[in-house]
Amino acid sequence: MAFDFDKRADHYSPLFQSAARRSRNIRKRSTGLREKESRTSPHTPPTNNPVKFYYLWYTVAWWVALSPHSKEGLGSVLRPEPARSFRQSEETSSVCISSNTFPCFTAMADTEVDGSLKNSSHLEPLTLLTPPCNRAETENLSPESSANERPVNSASGSLPAARSQLLRMLEAAEARRSAYLLSTEEASAARDEAIREAPRTEKQIQVPQQPQEFNKRLTRTGRRSLSHSLSHSSGDKCSSESSEDGASPRNKEQKNSNGSNDFCIKNIHQAAFGRREIEIAELEMPALMILRKAAQGEKPLVGARIVGCTHITAHTAVLMETLSVLGAQCRWAACNIYSIQNEVAAALAERSVPVFAWKGESEDDYFWCIDSCVNVEGWEPNLILDDGGDMTHWIYKKHPQLLKNIKGIVEESVTGVHRLYQLYKTGKLCGPAINVNESVIKQKFDNFYFCKESILDGLKRTTDVTLSGKQVVVCGYGEVGKGCCAALKGLRAIVYVTEVDPICALQACMDGFQLARLNEVIEMVDIVITCTGNINVVLREHLEHMKNGCIVCNMGHSNTEIDVTSLMTPELTWRRIRAHVDHIIWPDGKIIVLLAEGRLLNLSCSTVPAYVLSITATTQALALIELFNAPEGDYKEDICVFPRKMDEFVAALHLQSFDAHLTELTDEQVKYIGVNKNGPFKPSYYRY
C-alpha cells in the first residue's frame, strides 16, 4: 500500500507541517513547469529534475527524525513493498518513479541496503515514497522502456555515492532522534529518582497568634486596639489601614503651606488627593454651587462662627467651604469615627479650615477633637451644626458659659432631635433649634434614596455577599427602612419587616413584604439590618439564635441598636477579617459577621450618592442662614420644623440639573385652591 506522506505529516509536528506546506509549493511549481514543457514538446522525454530530488531526501529525513514510529526503526516508516510496474502503480494510485528523473531512488528500490543497515534486526529492504508523478509524464512511459532504462541507470557510477549519502543522512537523523529520546528519558528518570530519594523536611509554619479572648469588659478604645492587632494577619491592605488608623496624630506637629497648625488630622500631605475628591463631589452638588454664585455680592453669614460635628467626607467638605464663601468662620469635628476621609480632612486643613478628625479615632480622641473645636481662646461659636447631638451636649456639659452666645442649633439626625427634646423638656435648651431631619425634603429624598443606593454597596464591599435569594430582616419601615427594602427587593432577596407603628406596618404589607417579629425569623435569616434609631433592637438572645454566618449591620444613626456590649464576654472570640468586618466566634464554632461594630454601615463601609447629599447639605446651609439673619424674637427657645417654603426652594434649586420645567398656576386656579402663586403649595400639615 502506498504511503501518502503529505496527509500523514499533517497529523504530527507543527514544524513538520510547515515543511510539508513548503514541499507542496515546490511540487506545484515543478509540476507546472513540466506541464508547460510537455505542451511545447510532447515527444520530448522528461529530464532529470533536481527540485524533486531535494524534496524527497529533505522530506524523508525530516519524517524519520520526527516520526513517532522511529522507535520501531526505519522499516516502520519506509515500509517494504513488492516491486510494481508503472502501470500497476498508476492503477492503484501508488507512486511512480521515473528512471530519468530519479535514477538513484530507482536503483535503491531493487538493491539491498549496505551491511550496516542490513544487519539490523528490525530493518527490511526499503521502498521509498515519492509524490505522484504528472499524468502526462506517466503516459509517455511504458513498462518496456522503463525496464530497459533501469539497468542503464543501475550501472551509473554516481549511484553508489548518492545511495551512501542518503543512507548516511537517514542514519544521522535516526541517531539524533534516538539520542534525544534517550537523554529525555534519562533526565526524567533522574528527576524521579531525585524526588524519591530526597529527604523529607518539615518546615515550621509561622501561624499567627490565636485571637485574644475578652477576659473583661473592654472600652471602645481597647476593643478597637484588639481588632487592629488581629487585622495584621488578614492581608497587607487591611494591615496597612489598621496601622494607619491606630496611630493617633494628637502629639504630631503638622503645618499647612500657610504655616498654620490649627488642626489635627492624619496626614497633611494627602491634601492634593482630597482636593480632587472634593472637586468630584462639587459636580454632583449643584444647589450649593448656585448658593456660592448668589453670595458673591452679599455674604449672608458674615460674622457667623459655626462649630460643626458631622461626617467628614467630600460632600460635607463642599458644605463647609460653601459656608466659608458665604462669610462664616467654621471649626469642625467628626460625628462618626469610621466615615472620616483622611484625605478630605487634609484638603480642608490645607485651606486653613480648622478640622480635628481622623479615621479610627478612639473614644478619648473623639471627644478630644470635639473639645478642640470649642475650647479655643478668643473664639466663641454662635451657631451649632450637629449630627447626633454630641457637640450640643459637650458644650452643655463642659462649656456651659458658651450657651449664652448661641443663636441657634441645626440638627440633622433622629438621635440628635431626640436629645434636643430631652433638653427642651428640662428647660435647658440654650436657643432655637431647627429640626432638619423631619423636613419633607430630608425625609423623602435623603433618608429614602440615600439608603436605597448605599445599602447594597456597603454589604457587597464588606462581605461580597450575593443577595439574590437571601432571607433578610429589616427592623423598621420608616424612610430608611423603605429605601433598604426597595433595594433588596430589586435584587430578589426575600425580605421580612419588623415594625411597631401600625401605619408603617400596613405600608410594608401593601408593598409586598412579610411583617413578622424578630424572634420569629431570627433563626432562618441570612442578614439582619436595623433601621429604627432606637436602642437594643438586636439583643444578645437574638444573636444566640442566629444561624452560622449571619450578617448583622446597622443603617440607623445611633450605634446603640445592636447590643454590641453584650458580645464582650470571655467565651466569645473576636477576629478582624478586613476593615469594618469582625467575626464573632461562639464556643461551638458558630460565626456571626458584625459590620462596622454596629455603627452606620453606609457611611462607614461604602460610598454615598453625592446628589442626594446635596439636598440635605443645602437644607442645612439655608437653616443656618435663617437662624443667623432672623430678627431677635422671631425664634424662641423651641424646636422648629424646617419651613415648607424653604423645602420647596431647595427642590427648585435641584430641578435645574434635570432641565425640568414647572407648570405655573393660573389666577383662576390660585383662587380656587387658595394658595400663593409662588408657593408654598401645600399646608404645613400636609404629608407627602
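These exercises, with worked solutions, concern a predicted model.

**Exercise 1. Confidence**

Task: Find the mean pLDDT of the protein, and locate stretches that stay under 50.

Solution: 
- Start with the average. The mean pLDDT is 75. A value of 70 or more is reached by 67% of the residues.
- Go to residues 33-156. Here pLDDT stays under 50. The model still has 169 contacts beyond four places in sequence for this stretch.
- Go on to residues 195-245. Their pLDDT is also below 50. Beyond near neighbours in sequence, the stretch has 72 contacts in the model.

**Exercise 2. The overall build**

Task: Describe the protein by its helices and strands, its burial and its contacts.

Solution: 
- Count the elements. The protein has 27 helices and 15 strands.
- Check burial. Of the 688 residues, 49% are buried.
- Check the range of contacts. Take those with a separation of 6 or more: 71% of them link residues 24 or more positions apart.

**Exercise 3. The nonpolar cores**

Task: Which residues have the most contacts inside the largest nonpolar core?

Solution: 
- Take the core as a whole. It holds 66 residues.
- Pick out those with the most contacts inside it. They are Met391, Ile455, Leu459, Leu488, Ile529 and Met555.

**Exercise 4. Strand 8 and its partners**

Task: Which strands pair with strand 8, and in what sense?

Solution: 
- Begin with strand 7 (residues 471-475). Five bridges join strand 7 to strand 8, and the two run parallel. Valine 472 stands opposite valine 495 of strand 8.
- Strand 7, helix 20 (residues 479-490) and strand 8 form a right-handed β-α-β unit.
- Turn to strand 9 (residues 514-515). Strand 9 pairs with strand 8 over two bridges, in the parallel sense. Tyrosine 496 faces glutamine 514 of strand 9.
- Strand 8, helix 21 (residues 502-510) and strand 9 make a right-handed β-α-β unit.

Task: Why is strand 8 largely enclosed by the rest of the structure?

Solution: 
- Read the burial of residues 494-498. Four of the five residues of strand 8 are buried, so the strand is largely enclosed.

**Exercise 5. Backbone exceptions**

Task: Locate asparagine 536 and histidine 580, and decide whether each is buried or partly exposed.

Solution: 
- Recall the background. Most residues other than glycine have a negative phi, and most peptide bonds are trans.
- Take asparagine 536. Its phi is positive, near 55 degrees. The residue sits in the loop between strand 10 (527-530) and helix 23 (540-545). Asparagine 536 counts as partly exposed because its relative accessibility is 39%.
- Take histidine 580. Its phi is also positive, near 70 degrees. The residue sits in the loop between strand 12 (573-578) and strand 13 (581-585). The cut-off for buried is under 20%. Histidine 580 is at 11%, so it counts as buried.

Task: What kind of peptide bond joins glycine 679 and proline 680?

Solution: 
- Read omega. The angle is about 0 degrees, and the bond is cis.
- Proline 680 lies in the segment after helix 27 (667-673).

How values were computed:
Residues are numbered from 1 along each chain as its sequence is written. This is a predicted model: local features need pLDDT of at least 70, side-chain atom pairs count only at pLDDT 80 or more; totals for chains, interfaces and linings use all residues. Side-chain values use heavy atoms; hydrogens and water are left out. A nonpolar core is a set of buried Ala, Val, Leu, Ile, Met, Phe, Trp, Tyr and Cys residues joined through side-chain atoms within 4.5 Å. Buried means under 20% relative accessible area, exposed over 50%, partly exposed in between (1.4 Å probe, protein chains only). Contact means heavy atoms within 4.5 Å. pLDDT is the predictor's confidence in each residue, from 0 to 100. Two strands pair if DSSP finds at least two bridges between them. A crossover is right-handed if, with the strands pointing away from the viewer, the path from the first strand over the helix to the second runs clockwise.
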